[in-house]
Amino acid sequence: MPKIFGQQPVKESLRQIIRENLFPVIFGASISMIGGIGLSLIESKLYFLLPVLITIPALADMVGDFSTIIASKSVALIEQKKLPRHWEHSKVILGLSFNMLWIALFYSMIIGFAALAIAYFQGFSLDGLFVVKFVLILGLINIVMVLFLIVFSIRVGSLVAYHGHDPDNFLIPITTSIADVGVLLLFSLMVYLFF
Amino acid sequence: MHHHLKRRLVSETARHYIPEILSGQLFSIIGGLIAGWLLAYFRHSFEPVVGFLVLLPGVIDSTGNIQGSLSARLNHTVLRWPKLKKDSGVWQNNRLAAYILSGLAGLILGLAGVAVSYALYQELNIRLLYIGIISCLIINTLLTPFVAFLTRRLFERGHDPDNLMGPIVTSLGDITGIVVLAATVFLLF
């Protein structure tokens, strides 16, 4: 019988909160630096290709937010006892996943074109081939990342909660860090290969 | 069944959460693009700083992690105990923990940034340590009270903070982070 987490949160002490969050924060900070190393390796291209530089925060935020929303909803469903142990059978999760994918693709196009416009007004010269490559790469990165993070968030969140721990303290920092690293590394690789 | 919990259960259909997610993501994207524009605007300040790009994602992400986790904990606490007062020990402990964690994150990021930049560029840039600590502390000092206030206010007004606070926290963290980083670099270099 798994322990019910959070039985006495009113008595949750400062030390307990820090102890539960220390590893995720350290892990998140450390793993984020891997993405930073990826960016450093394309530093000269990055400061030159303004649309790429402008896109990075928005793209990382979007992918991270999606994983956070799904992870958080999984926790809420667990608390309400609506998420079965085998989440694949949950219509709510499957529907949410489908919606995340089409929203991600839609917004990746918006991010791409907005970044191109901002870069243009900052003096960056655009050509048709660059625009097409840039937008296609953004779409591809989003699809890959969202699919991976949906599976990761749901599986890990369910496992953590089932073993009696509070997923809020572990899942959100870890998932967002993995999302940010993944998107930065993927983006760095694409820039290195195609620009 | 408590009124707020009942409203959240009813709202868990696509018809209700898709607009919330769409609006939240729009906010997040606009915030991210503003942060990207600021990054491009301040690039001439960041470019001479050896190893800055190694530090940048870590500072921004740690802020999002700490504030996002803070918001989620407060939201689920209020969900279970709606009448819990905002000056209670639970609220104060969570906010204080966010401050302490931000300082620790800044220290770790700064140390790691110095080490990695030395490995990549063979240059020992100690000022990265100061940038990491100072910027993390300032960013989280600015954001923690606001995140705590907003989480509770959204819940009280019948919204699901889980859908909205993530994008808000990350956007504000990005924008605040880049501005604070630019100011810190300007002071130290």
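## Helix H6 of chain B

In this predicted model, helix H6 of chain B, residues 127-156, has 30 residues and reaches 44 Å from its first C-alpha to its last, close to the 44 Å expected at 1.5 Å a residue, where the expected span is 1.5 Å times one less than the number of residues. Helices here are DSSP runs of H or I with at least four residues, numbered from the N terminus. A kink of about 30 degrees lies at B:Leu143, shortly before the proline B:Pro145; the bend is the angle between axes fitted to the seven residues ending at a residue and the seven starting there. Just after this helix, B:Gly158 takes a positive phi of about 90 degrees.

Within H6(B), B:Glu156 and B:Arg152 lie 4 residues apart, about one turn of the helix. An α-helix has 3.6 residues a turn, so residues three or four places apart point the same way. B:Glu156 forms a salt bridge with B:Arg152, with the closest N and O atoms 3.0 Å apart, the rule being a side-chain nitrogen of Lys or Arg within 4 Å of a carboxyl oxygen of Asp or Glu. Over all chains, the structure holds 2 salt bridges.

## The interface of chains A and B

Counting contact as heavy atoms within 4.5 Å, 65 residues of chain A touch 64 residues of chain B. The area buried between the two chains is about 5700 Å², of which carbon and sulfur atoms give 67%; buried area is the accessible area (1.4 Å probe) lost when two parts are put together, summed over both. A:Met33, A:Tyr47 and A:Tyr107 supply 12% of the area that chain A buries against chain B, more than any other three residues.

Across this interface the rule finds 0 salt bridges. Among the elements that give two or more residues to the side of chain A that touches chain B are H1(A), H4(A) and H6(A), and H1(A) gives the most, with 17 residues.

## Helix H4 of chain A

H4(A) has 31 residues and reaches 45 Å from its first C-alpha to its last, close to the 45 Å expected at 1.5 Å a residue. A:Gly123, whose phi is positive, near 105 degrees, follows H4(A).

## Conventions

Residues are numbered from 1 along each chain as its sequence is written, and chains are lettered from A in the order in which they are written. Local features need pLDDT of at least 70, side-chain atom pairs count only at pLDDT 80 or more, and totals for chains, interfaces and linings use all residues, while side-chain values use heavy atoms, with hydrogens and water left out.
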